[in-house]
Amino acid sequence: MDFYGFYTGKIFDAHQFLGAHLTGHGTIFRTFAPGASRVALIGEFNDWQESEMMQVHDGHFWECQAENAAEGMMYKYRIYTKDGHCTDHCDPYGYGMELRPASASIIRDMNHYKFKDRKWMQTRSDCKNKPLNIYEIHMGSFRKPSQQPDDWYTYEELADILIPYVRENGYNYLEIMPLNEYPCDESWGYQSTGFFSPTSRYGTADGLKAFIDACHQNQIGVIMDFVPVHFAIDDYALARYDGTSLYEYPHNAVGVSEWGSCNFMHSRGEVRSFLQSAANYWLTEYHMDGLRMDAISRAIYWQGDPGRGVNMNAVEFMKHMNQGLKMLHPSAILSAEDSTSFPGVTKDASEGGLGFDYKWDMGWMNDTLDYFRTDPQYRSRDYHKLTFSMMYYYDDQFLLPLSHDEVVHGKATILQKMNGTYEEKFPQARALYMYMYAHPGKKLNFMGNEIGHFREWDEKREQDWNLLDYPAHQSFHQFMTDLNHLYLEHPAFYEQDFETEGFQWLDCHQEESCIYAFERLSKKERLIAVFNFSGSEQTGYRLTVPGAEKLKPLLSSDWTCYGGSVEKADEAAVLEKGECILALKPFSAVYYLAETKKTS
């Protein structure tokens, strides 16, 4: 290991030196504990009796060789502090851990599994000019073998269940909520104790590799949530690891997050090297196709509060981490969950930006959902909540999320958020999703949204798949499936997501009637999207599409096959001098392909 690089926060491979590594003659264990007075290794291989670890290099690293320590065996480090106390810790760089409430690390052979996804890895991209339609899941509650909270499918079993569903429903990427080990189910993995350990809830490291390999062989990319901002407070993990604030800030004012967890101290090079190595580890060892970085606003600003100023150490860390990860994995996707207006989140780090590929557009999400919560008679007042996003859209490269955070903690599900009665919610949700998929930016939808889930998400229960026994939910699911496939098949939806030539307003000043119209363009097609978000039918609406002769219907949210009122029709609308008259049903959206007069 480059020790100078480790201390200065430059390296991405600390895990190849630290942790437990099989040697062919047992296992060598190493840990970084500069504040310890003594460190002992305990595990299954020595009957949990202390084996003395020796100080190496500059005395801040501790090392021990155990000849009878084999793959699958458990171990811990017993760390004695300067005041004589001791605590048994899991390995910060351990490749496996026990299921909570147990906390021992597990020796893993990371060279055992052989991937079969070379073609995928050689051809994958960051999807800037390709479709990126993400299905966000929590592995433990997509489906469950039983109603028991602690009963989960394994990684391999989920591959057989989840992959066909994702393909059939028209998604081309999965985003999985954190798979690092964590003690509290209710944290969903966002408060980690094992940054290098795939959670044992669903199996082993090889099981996760097999799952990702199967996804790739079915043309599905996999993004994982990664948390570089904070960690769990459990004393067996990182908190006061060597009796000092080794990973966290020593002062509670900035050391404790709003969730009660410990904030990483990004000013320390050792912490930077730890996090950078963890990020690289998931991309390298598991062939993850990207990382979604959680709570980035809490890294940009002290405690996430712009009033407290920018945390320049954390900002510089993110720049260096992202730049290094993109050098190592050019085609991997790095996205930021960031609700702030901090400039340059997706600007290249070499040009002063943070270096992410995508930023979650939280403003779009909040404005859009607020609009659809509003009684239709007041939507004229809020008309420009749906136009505002395009005023800042080109400042960054955005991803449009309707994520797990929007369907928990009393916020109601996406379908519930729609204004009106049970029957009125479905047409509005269909129109909402057509607005989302036509709007520039990549897409993310949380599991259950596609079937019109009515119960807020609970990590202990599987999705209410019995909803598909009800015609309204079955029709909505069919609509979402067709919309997803349409998105993947038509380049106008995605080819020029981040170029001004890819989007043009046709009409954004129908405040009283709540009508919107815009076009999306690719090199080969021109797609027209028209929306009526009022509760009244709008007859005699005059639409102008310069240069177009015909508008061929591509999709309508109001077709009877989706629970609407209009029979599906393929008849094109003819334009006279670029204009046509349309009748727009209440709470409806229509996509057209524009046929333009060819010049000889």
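A pocket is an open set of grid points with protein on both sides within 12 Å along at least five of seven lines. The model examined here is predicted. Its largest pocket has a volume of about 510 Å³. The lining of this pocket comprises 21 residues. Nearest the centre lie Trp188, Trp259, Asp294, Glu337 and Asp405. By class, the largest pocket is lined by eight charged, seven polar and six nonpolar residues.

The second largest pocket has a volume of about 410 Å³. Its lining is made up of 19 residues, and Pro553, Val566, Ala583, Val590 and Tyr592 are the closest to its centre. Three strands, β26 (548-556), β28 (579-584) and β29 (588-596), each give two or more residues to this lining. Here the class counts are 13 nonpolar, four charged and two polar residues.

Helix α4 covers residues 205-217. Its 13 residues should span 18 Å at 1.5 Å a residue. The C-alpha atoms at its ends are 19 Å apart, which agrees with that expectation. The helix is mostly covered, with 10 of its 13 residues buried. The buried set includes the charged residues Asp206, Lys209 and Asp213. Ala205, Gly207, Leu208, Phe211, Ile212, Cys215 and His216 are also buried. An α-helix has 3.6 residues a turn, so residues three or four places apart point the same way.

The buried residues of α4 pack against both helices and strands. The helical partners are α2 (118-123), α3 (155-168) and α6 (269-285). The strand partners are β11 (173-176), β13 (194-198) and β14 (221-226). After α4 comes Gln219, with a positive phi near 60°.

Cysteine pairing was also examined. The structure holds zero disulfides. A disulfide requires two cysteine sulfur atoms within 2.5 Å. Cys215, one of the buried residues of α4, has 0% relative accessibility. The closest cysteine sulfur to that of Cys215 belongs to Cys127, and the two are 15 Å apart, so they are too far for a bond. Cys262 also counts as buried, because its relative accessibility is 11%, under the 20% cut-off. For Cys262, the closest cysteine sulfur is in Cys90, at 13 Å, and this distance is likewise too far for a bond.

Conventions:
Residues are numbered from 1 along each chain as its sequence is written. This is a predicted model: local features need pLDDT of at least 70, side-chain atom pairs count only at pLDDT 80 or more; totals for chains, interfaces and linings use all residues. Side-chain values use heavy atoms; hydrogens and water are left out. On a 1 Å grid over the protein atoms alone, a cavity is a set of points where a 1.4 Å probe fits but cannot get out, and a pocket is an open set with protein on both sides within 12 Å along at least five of seven lines; lining residues have an atom within 4 Å of a point. Grid points are joined across faces, edges and corners, and a volume is the space filled by probe spheres set on the points. Helices (H or I, at least four residues) and strands (E, at least two) are DSSP runs, numbered from the N terminus. Buried means under 20% relative accessible area, exposed over 50%, partly exposed in between (1.4 Å probe, protein chains only). The expected span of a helix is 1.5 Å times one less than its number of residues. Contact means heavy atoms within 4.5 Å.
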